[in-house]
Amino acid sequence: MYLKRIVAAAALFLAIAGCGSREIEFDACGQIDATDVTVSAESGGMILSLDIEEGDRLVEGQRLGAIDSAQIWLQRQELQKRKEGALARLVDIDRQLAPSIAQLESLRKDHERFASLLSKDAGTRKQLDDNESQIAVLEGQIAAQKQTYAQQNDATMAEIGTYEVQMAQRDDQLKKCRITAPVSGKVLAKYAEAGESVTSGKPLFRMADMDRVYVRAYFSTSQLASLAVGDKVTVIPDDGTDSPKEYEGTVTWISDEAEFTPKNIQTRDERADLVYAVKVSLKNDGNLRLGMYAYIRK
């Protein structure tokens, strides 16, 4: 236990000494960091594959693995069969009513013939009345049948719509069984392996965009007077050499609230108790590492 305390104290001393120990003029100091993303499982089940290792560089949308989706696929197939069965129940209204409509056309032709005969005193009024009665009855039957078929089709289409929504849900679930990279970047940590069973929301790996990193530094109130978002500054990483490379950085964010100076950070004005956090973004040429200390010079 005593040895652990000595090691921890030494580590803290080195962290504090990391900023300001070298003879480099600077206005603020911070650590290099990156925007990281923790990718979690979007579906529960066994991981069939997860082909990544820590340090791998990934491209946005890259397929990395898959979670077992057999049951979801079978459910979708069942819904597809139900939809096909419902489609088969749809009524072709015109075809179903075709015989009745043909009969109606025949009665209407008879009506013209009976009317012509009656005008020539060659037919009777009863023939014409009977014909008109038959036409009226058949027209009512056709209208009723048409309404019934339409209602049946509407109900069937509503059922088909329900199946389509459920199939879309299964498609979304199948998509979530595919493990992909949400952004381009580097794998920082891997939390799961193929063969493990996971639940939705379990972290699988963590990645970060290492092409564009930032330094979170701290400036005193007096220093902020000459600093604004968009300003260009010089970033000098503490890489352990006597002549570290200088990078151009851009101020992308300045905190609206002051805070006490973090213990492992040093400012140009060591007397400053309240400081403002500032983010400086810079392009990584491959030499910048997360956690490296860096000096900021305006």
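These legends describe close-up views of a predicted model.

**View 1. Helices H2 and H4 packed against each other.** The axes of helix H2 (residues 70-88) and helix H4 (residues 125-176) come within 9 Å and cross at roughly 160 degrees; because angles over 145 degrees count as roughly antiparallel, the two helices are described as roughly antiparallel to each other. The crossing of H2 and H4 is left-handed. Among the residues that make the contact are Ile72, Trp73, Leu79 and Leu87 of H2, together with Ile160, Tyr163, Met167 and Leu174 of H4. Taken as a whole, the residues of this contact divide into 9 nonpolar, 5 polar and 7 charged.

**View 2. The salt bridge between Arg89 and Glu159.** The side chains of these residues meet at 2.5 Å, N to O, and the pair links distant parts of the chain, since Arg89 sits in the loop between H2 and helix H3 (93-119) while Glu159 belongs to helix H4, 70 residues apart. Arg89 is partly exposed, at 45% relative accessibility, and Glu159 is partly exposed, at 27%.

**View 3. The salt bridge between Arg108 and Glu139.** Here the distance from N to O is 2.6 Å, and because Arg108 lies in helix H3 and Glu139 in helix H4, the pair ties together parts that are 31 residues apart in sequence. Arg108 is partly exposed, with 34% relative accessibility, and Glu139 is partly exposed, with 33%.

**View 4. A network of salt bridges.** Glu53, Lys190 and Glu193 are linked in this network; the count of salt bridges in the model comes to 17.

Note on methods
Residues are numbered from 1 along each chain as its sequence is written. This is a predicted model: local features need pLDDT of at least 70, side-chain atom pairs count only at pLDDT 80 or more; totals for chains, interfaces and linings use all residues. Side-chain values use heavy atoms; hydrogens and water are left out. Axes are lines fitted to C-alpha atoms, for helices over the stretch in contact, and angles run from 0 to 180 degrees between N-to-C directions. Helices (H or I, at least four residues) and strands (E, at least two) are DSSP runs, numbered from the N terminus. Angles under 35 degrees count as roughly parallel, over 145 as roughly antiparallel, 65 to 115 as roughly perpendicular and the rest as oblique. A crossing is left-handed if the near helix is turned anticlockwise from the far one by less than a right angle, and right-handed if clockwise. Contact means heavy atoms within 4.5 Å. Ala, Val, Leu, Ile, Met, Phe, Trp, Tyr, Cys and Pro count as nonpolar, Asp, Glu, Lys and Arg as charged, and the others, Gly among them, as polar. A salt bridge is a side-chain nitrogen of Lys or Arg within 4 Å of a carboxyl oxygen of Asp or Glu. Buried means under 20% relative accessible area, exposed over 50%, partly exposed in between (1.4 Å probe, protein chains only).
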